[in-house]
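Trainee: I would like a close look at one part of this protein. Please take it slowly and link that part to its surroundings.

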Amino acid sequence: MHVITDIEAMRHYRQGQEGKKIGFVPTMGALHAGHLSLIEQARTECEAVIISIFVNPLQFGPNEDFEKYPRELKRDIALAEGAGADVVFAPTQTEMYPRPLVTQVVVAEITERLCGASRPGHFTGVTTVVSKLFHIVQPTHAYFGLKDAQQVAVIERMVEDLHFPLEIVPCPTVREEDGLALSSRNRYLSKQEREQAPILYQALTRAEANLLQGKYKSSAHLEEDVRTHITSQPLAQIEYVEALTYPDLTPLTDLHSPLILLLAVRFGDTRLIDNILLNKGEQ
Ligand code: AMP
């Protein structure tokens, strides 16, 4: 496996792969089984698999955890290799941002609600760095986790609007045994917070069962029921609970079409997100 830190060497490697199916998995490192599942899926579908590890300052707000975000490159390289990656692309900050950017990629509307409302500028940071990485790596397929469902929707829209010549492959969320979605931020949780955090997935699956049984009169009713259930855990502070259409993330007109139930909940300083797709089979 190759570890590449500069853009020129990355382009050189890519030129040697002409005509192949190139799978790309962008990450911020601190790899866990969720990231590894994306690499493994790319491995089964592509001839070359490239993973990037870059903690992107542009997508962190001023009071967020950029400084303390875990950085474990050596460990990550070993894990990526074990999962079947051919290349770890791990550029430095100065390699990616040699001077302050005056160019940004902005996706409107879909970025304005949910995480976009509580993290101003976050999605512009994501779409800008992902565009840069797509230009450098030139994948044919890029793998993203549905744990960050709004991110998938935003990137799919950017790829469509800007005619990036590649396919986005959304991948299922990997969870702990108790249902908590794997996240590099779970390590910030105290013991007590960690014990209460599985309420998120419990609330999502409970809502799924209730919806199937026709217990909800409206999306507002569904959202209110989920909020009430989550607040049974005293440390949970809800940021949002929303049921929207999928993949457009627009307000629901009925509860029978494909929909996504998304939530963001804080435990102390740690912000967790999760979601579930419902009515998948129905059109
Ligand atoms: P990050 O390093 O947090 O930027 O995540 C890199 C990629 O891994 C993104 O596409 C995430 O959606 C994906 N990812 C993160 N956590 C999970 C998970 N628990 N299951 C599946 N994919 C995940």
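Trainee: In which loop is Tyr97 found?

Mentor: This is a predicted model, and what follows describes that model. Tyr97 is found in the loop that runs between helix 4 (93-96) and helix 5 (115-118). Its relative accessibility is 14%. The cut-off for buried is under 20%, so Tyr97 counts as buried.

Next, the surroundings of Tyr97. Leaving aside neighbours within four places in sequence, Tyr97 is in contact with Phe54, Asn56, Pro57, Leu58, Val129 and Lys132. One of these, Asn56, has a side chain joined to that of Tyr97 by a polar contact of 2.5 Å. Another, Val129, is 32 residues from Tyr97 along the chain, and the C-alpha atoms of the two are separated by 9.7 Å.

Ala90 lies in the loop between strand 4 (87-89) and helix 4. With 8% relative accessibility, Ala90 counts as buried. Leaving aside neighbours within four places in sequence, the contacts of Ala90 are Ile4, Thr5, Ile53 and Leu73. Ala90 and Pro26 are 64 residues apart in sequence, and their C-alpha atoms are 10 Å apart in space.

Strand 3 (residues 48-53) deserves a separate look. Strand 3 runs parallel to strand 2 (residues 22-27), and six bridges join the two. Among the paired residues, Phe24 has Ile50 as its bridge partner in strand 3, and Val25 has Ile51. In a regular strand, side chains alternate between the two faces of the sheet. In strand 3, Ala48, Ile50 and Ser52 are buried on one side, and Val49, Ile51 and Ile53 are buried on the other, so both faces are covered. Six of the six residues of strand 3 are buried, so this strand is largely enclosed by the rest of the structure. Ile53, as said above, is also one of the contacts of Ala90.

His35 is found in helix 2 (residues 33-45). With a relative accessible area of 13%, His35 is buried. Not counting residues up to four places away in sequence, His35 touches Thr27, Gly29, Ala30 and Ser184.

Helix 9 (residues 199-212) has 14 residues, which at 1.5 Å a residue should span 20 Å; its end C-alpha atoms are 20 Å apart, which agrees. The buried residues in helix 9 are Ile199, Leu200, Ala203, Leu204, Ala207, Asn210 and Leu211. Seen down the helix axis, they fall within an arc of 140 degrees, so they line one face of helix 9. These buried residues pack against helix 8 (191-196), helix 10 (219-230), strand 8 (259-267) and strand 9 (270-278). Helix 9 is followed by Gly214, which has a positive phi, near 70 degrees.

Notes
Residues numbered from 1 in each chain as written. Predicted model: local features only at pLDDT ≥ 70, side-chain atom pairs only at ≥ 80, totals over all residues. Heavy atoms only, no water. Helix = DSSP H or I, 4+ residues; strand = E, 2+ residues; numbered from the N terminus. Buried < 20%, exposed > 50% of the residue type's maximum accessible area, 1.4 Å probe, protein only. Contact = heavy atoms within 4.5 Å. Expected span 1.5 Å × (residues − 1). Arc of directions from axis to C-beta. Polar contact = N/O pair within 3.5 Å; in protein donor to acceptor, adjacent residues only side chain to side chain. Pairing = 2+ DSSP bridges.
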